[in-house]
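Please open the structure in your viewer and follow the stops below in order. Each stop names a selection and then describes what is found there.

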Amino acid sequence: MGKDLIIVESPAKVKTIKKFLGRNYMVHASVGHVRDLPKKDLGVDEEKNYKPKYQIIQGKQKVVSTLKEAAAKADHVYLAPDPDREGEAIAWHIAEIIKKENPNAKRIQFNEITARAVREALEHPKDLNENLFDAQQARRILDRLVGYKLSPLLWNKVKRGISAGRVQSVALRLIVEREAERYAFDPEEYWVFKAEMEGENPPPVKALLHQIAGKKAVVPNEEAANALQEAVLASALVVEKVEEKKRSRQPLPPYITSTLQQAASQRHGYSAKRTMSIAQRLYEGVELGDEGTTALITYMRTDSVRIADDARDAAKELILSLYGKEYIPPKPRFFKTKSSAQDAHEAIRPVDASITPDSVRNLLPREQHALYTLVWSRFMASQMAAAQFHDTTVTIAATPNATTIKDADKLASTWRVKGERMLFPGFLAVSPQKAKEDEDLPKLEEGQEIRLIKLDKEQKFTQPPARFSEASLVREMEELGIGRPSTYAAIISTLIDRGYAQLEEKNFVPTDLGRTVCQQLVKHFSTLMDVSFTAQMETLLDNVAEGTLDWTQLMTDFMNDFNPTLEKAAEEMESVKQGLETDLVCSECGKPMMIKFGKAGTFLACSGYPDCKNTSNFTRDDNGNVVLVERPKEELQKMGECPDCGKDLVLKRTRTGGRFIACTGYPECKHAKPFSTGVKCPRCEEGEIVEKSSRSGKIFYSCSRYPKCDYALWNFPVEEECPQCDSKLLTIKTTKARGKHIACPEKACRYTRSLEDDSE
């Protein structure tokens, strides 16, 4: 009797599956895709129903040979790549490649890599799903045609070597339009009040302004703020109302791809790409000491919150043993999956919930343990009882003295004090999110007089819409129906790799190249760049996967609109290869300065080139205006003695404006080093924070031990611990509203102070 062959996608799965299958099985890996469209040719015959020309991917010949040899020896071949469209495509291509050696190939799928799941799949093999493959094929060919035809147009009109993608371009539009909203935003002044009050029983309570003259409290300027302050100081304070109620807080559903990416970004700062890479390892199997290679989580590309009954039952038993029966909800929890979800796989959950994060803490690398903790905790919490709270809301009326305060009735105000006490932790007992500390209030009764201890007012300004972080961009794409769980990470990486956007303080900022490409595409390819159209295309691809739409018909309908639009754009699209006009003039000849797209990024150059070769770096202010960055010819400030040749070290600047220290003996002596701020790196505590400049010329600060330590920030560091959080340094920050000031670099901490405070 011969052996059966199982072909999986990843080498890591081979080890995991071999652990629990007998000797009658060979297990090999395809190492991802083995065939694809050619790199240098279109590879699609539009005249013959978009027939693709597939070929072996360069470097995969040895893998293909191994698979053919193994297939020739096997009785049966079981194709077991990942259970999604890409996996189905990999399986289909492998079947095509080995059909001469062994035509008896079947498809098997499993949502988790366990002995039970794999053996169950082997007992129920299926034919390849042609509809699912057609959906992947349609997406691949669609993206190839768009990219292959659009890119040459952009080379001719914008910059050689750049490209455009069907879905990535729409994601870029979201980033560009959010930045435009920020530029157009006009800050409005407002004032916030906080009061410290005390009744008969300590401790004092902190109250927030709630209403003025029976309407929502709005304090628009300093004059109104001063009038209200005067009125409150001359007011009698009385408890107007005390409201008490019990409140239940329900757990969230288990993670899906998008919510896991968001949580990993918010909690640990992981990019979407990094999160998926870590999750892939946990899914395929990791070494757990004596247990050997073990898969820890279910398949991580999913948009469904559904979980299997046996997983729910296992969670219930574990909750009973760890916490007690009061932590079990009255009814089993079921979460509703969005109607737009494919619902092909379960939510992301632990394969075996009895493997707790604590039990594998010393067996997993830090980032794998962090992600497993998220998945395990969220799944267990989703099956637990609600948390119970006792809430108290106290309303305090401040009635000004009519004899001393003008328009006292118009300045009568109410203040709110809120208290919360946890009655029962429920799911919060396992959630990695910290529950708020109890903020129960002292005994306060209606009609009771209150004493004002302290009254603070602060000027603030409304803030523009926040830039997209990776987490918020994934959430936006999911809500709009752009892309699918398997594509989010790739979309984001592509935008960065192409130089269309960059991350500043972990937020996306479009580059001038990205902004220009987006504007050209929106103007000339309005349908392609339409968010609703892109979302509708995802629905049509789902229809192909379900067998209700022929993929060639989808292609025909799309290309019948795209090809004429492309021809029209080729004639009408304005070329910007010569540069983008600005309002700045050349300091040497007086001609307009232009934004140019160079190999090292964007820069300013004189429109009089080649007669005038003046160039400069630039940045943009809060309104999006181009601002010249003055770059001294050379700064000869002495910085000590060269350790290599003994000559003077001097402070110099790069072409993009960043400072560095170099030997005056150059080019004979090439000694150079970054300019150090003198601040110790707070992460590794070994390197120093040094000044650097990005490709676009923006100054930033990072650890001198990069890439061993990748700590970085955009603002100049100050070696001083934050008084409000555990940050080991502060920064000097400049904003439109506050100007230059001291601020904590941690997003969760809002500590700031004026620079003037340091000079006193």
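Which residues of α10 are buried? Before the answer is displayed, note that this is a predicted model.

**First stop: helix α10**

Select residues 309-322, the 14 residues of helix α10. From first C-alpha to last, the helix reaches 20 Å, close to the 20 Å expected at 1.5 Å a residue. Now colour Ala311, Arg312, Ala315, Leu318 and Ile319, which are the buried residues of α10. Turn the view to look down the helix axis: these buried residues fall within an arc of 125 degrees, so they line one face of the helix. On the other side of α10, select Asp309, Glu317 and Ser321, which are exposed.

Display the side chain of Arg312 together with Phe334: Arg312 lies over the face of the Phe334 ring, at 3.9 Å from the ring centre. Just after α10, select Gly324, which takes a positive phi of about 110 degrees.

**Second stop: aromatic pairs**

The structure holds 10 aromatic pairs. A pair of aromatic rings is described by the distance of the centres and the angle of the planes.

Select Tyr327 and Phe424. Their ring centres are 4.7 Å apart and their planes stand at 45 degrees, so the pair is tilted. Tyr327 lies in the loop between α10 and α11, and Phe424 in strand β16 (residues 413-424), so the pair ties together parts that are 97 residues apart in sequence. Both Tyr327 and Phe424 are buried.

Next, select Phe525 and Phe562, a tilted aromatic pair with 6.0 Å from centre to centre and 35 degrees between the planes. Phe525 belongs to the loop between α14 (512-524) and α15 (531-546), whereas Phe562 is in helix α16 (residues 551-572); the pair therefore ties together parts that are 37 residues apart in sequence. Phe525 is buried, with a relative accessible area of 1%, and Phe562 is buried as well, at 3%.

Is Thr395 buried or exposed? The relative accessibility of Thr395 is 6%, and buried means under 20%, so Thr395 counts as buried. Show the side chain of Arg416 too: a polar contact of 2.9 Å joins it to the side chain of Thr395. Leaving aside residues up to four places away in sequence, Thr395 touches Val238, Val239, Glu240, Lys241, Thr414, Trp415 and Arg416.

Select residues 488-497, helix α13, which is mostly covered, with 7 of its 10 residues buried. The buried residues are Tyr488, Ala489, Ile491, Ile492, Ser493, Thr494 and Leu495. What do the buried residues of α13 pack against? Display the helices α6 (166-184), α8 (257-268), α9 (272-284) and α12 (470-480), together with the strands β18 (501-504) and β19 (507-510); the buried residues of α13 pack against these elements. After α13 comes Gly499, whose phi is positive, near 80 degrees.

**Last stop: Arg659 and Phe675**

Finally, select Arg659 and Phe675. Arg659 lies over the face of Phe675, at 4.2 Å from the ring centre.

Note on methods: Residues are numbered from 1 along each chain as its sequence is written. This is a predicted model: local features need pLDDT of at least 70, side-chain atom pairs count only at pLDDT 80 or more; totals for chains, interfaces and linings use all residues. Side-chain values use heavy atoms; hydrogens and water are left out. Helices (H or I, at least four residues) and strands (E, at least two) are DSSP runs, numbered from the N terminus. The expected span of a helix is 1.5 Å times one less than its number of residues. Buried means under 20% relative accessible area, exposed over 50%, partly exposed in between (1.4 Å probe, protein chains only). The arc is that of the directions from the helix axis to the C-beta atoms. A polar contact is a pair of N or O atoms within 3.5 Å; within protein, one must be able to donate a hydrogen and the other to accept it, and residues adjacent in sequence count only if both atoms are side-chain atoms. Contact means heavy atoms within 4.5 Å. Rings of Phe, Tyr and Trp (its six-membered ring) pair if their centres lie within 6.5 Å; planes under 30 degrees apart count as stacked, over 60 as edge-to-face and the rest as tilted. A charge sits over a ring if NZ of Lys or CZ of Arg is within 6 Å of the ring centre and within 35 degrees of the ring normal.
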